[in-house]
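Please read the numbered points alongside the model shown here.

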Amino acid sequence: MATANKALIVALSGCSSSGKTTLARLLRDIFPHTFILHEDDFYRPETELPSKDGLLDWDCAESLDIPAMAESLAYIRQHAAFPPTLNSLEDQNSVGKCPVPDSVIQAQKDKVAAALSPSHPLRSTLRLCILDGFLLYSPAMAAIQSSLDIKLFLRASYAKAKARREARDGYVTLEGFWADPPGYVDKIVWPNYVKEHAWMFKEGDVEGAYKEDVLNEKGIKVQGGVGIDGDIGKTLEWTVEVILDHLNNQI
């Protein structure tokens, strides 16, 4: 599978402002031959976005060009490279100062360097693609599921997600720049997250316990033994361990 296609695709999903992009950028620096595909680069033009409560809705499946995302993943599968026709705007967005200490990052770099032998495929022909997105495992995203080798999910509490999202300046878009209007998290972001992810949690409570049987059935991995707002340094260590385990046992 991954070796034949020469690309291993790691999906990193979770609610807005749960630390996905920060983690994706760290993984790109830690693992060799790694690049990021951002779901946010597949937004439709603003003129095509749905509206909700009088506001443009950027946080739903209808705002995304899902067929284009599936095509890009297919290209990565075939060519083990970033699609040349895709211009990433997401990499122009700031995620602020990295909250992970340099010592932790260096320790993970050393761990990966020691774990991958000189003859390991990731040092030669294999490429690692981190797919970063707020909506990757919803039923609406069925078209991309077969392209995902590893599925990871990050969670965050309403309070933490709201504080992080509202602290952002905004986002580079096809048309220029978008800044959330007042109340956007409460009217759009959080309700959409709950709607699309309640199936993963007991009694639909996205701040409660996971449905372990559902996650196992869908092949979605979550970090165990941590609270809803876990330390991102520990999350980085967990993520590196999951990817290394796959690389060393299934490649």
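1. In which loop is the place of Glu 203? Glu 203 lies in the loop between H6 and helix H7 (212–218); helices (H or I, at least four residues) and strands (E, at least two) are DSSP runs, numbered from the N terminus. Glu 203 has a positive phi of about 55° although it is not a glycine. With 82% relative accessibility, Glu 203 counts as exposed (exposed means over 50% relative accessible area, buried under 20%, partly exposed in between, with a 1.4 Å probe and protein chains only).

2. The model is predicted: local features need pLDDT of at least 70, side-chain atom pairs count only at pLDDT 80 or more, and totals for chains, interfaces and linings use all residues. Residues are numbered from 1 along each chain as its sequence is written, and side-chain values use heavy atoms, with hydrogens and water left out.

3. Ala 80, in the loop between H3 and helix H4 (102–115), also has a positive phi of about 55° and is not a glycine. Ala 80 counts as buried because its relative accessibility is 14%.

4. Beyond its neighbours within four places in sequence, Leu 131 is in contact (heavy atoms within 4.5 Å) with residues including Ile 9, Leu 37, Leu 73 and Ile 144.
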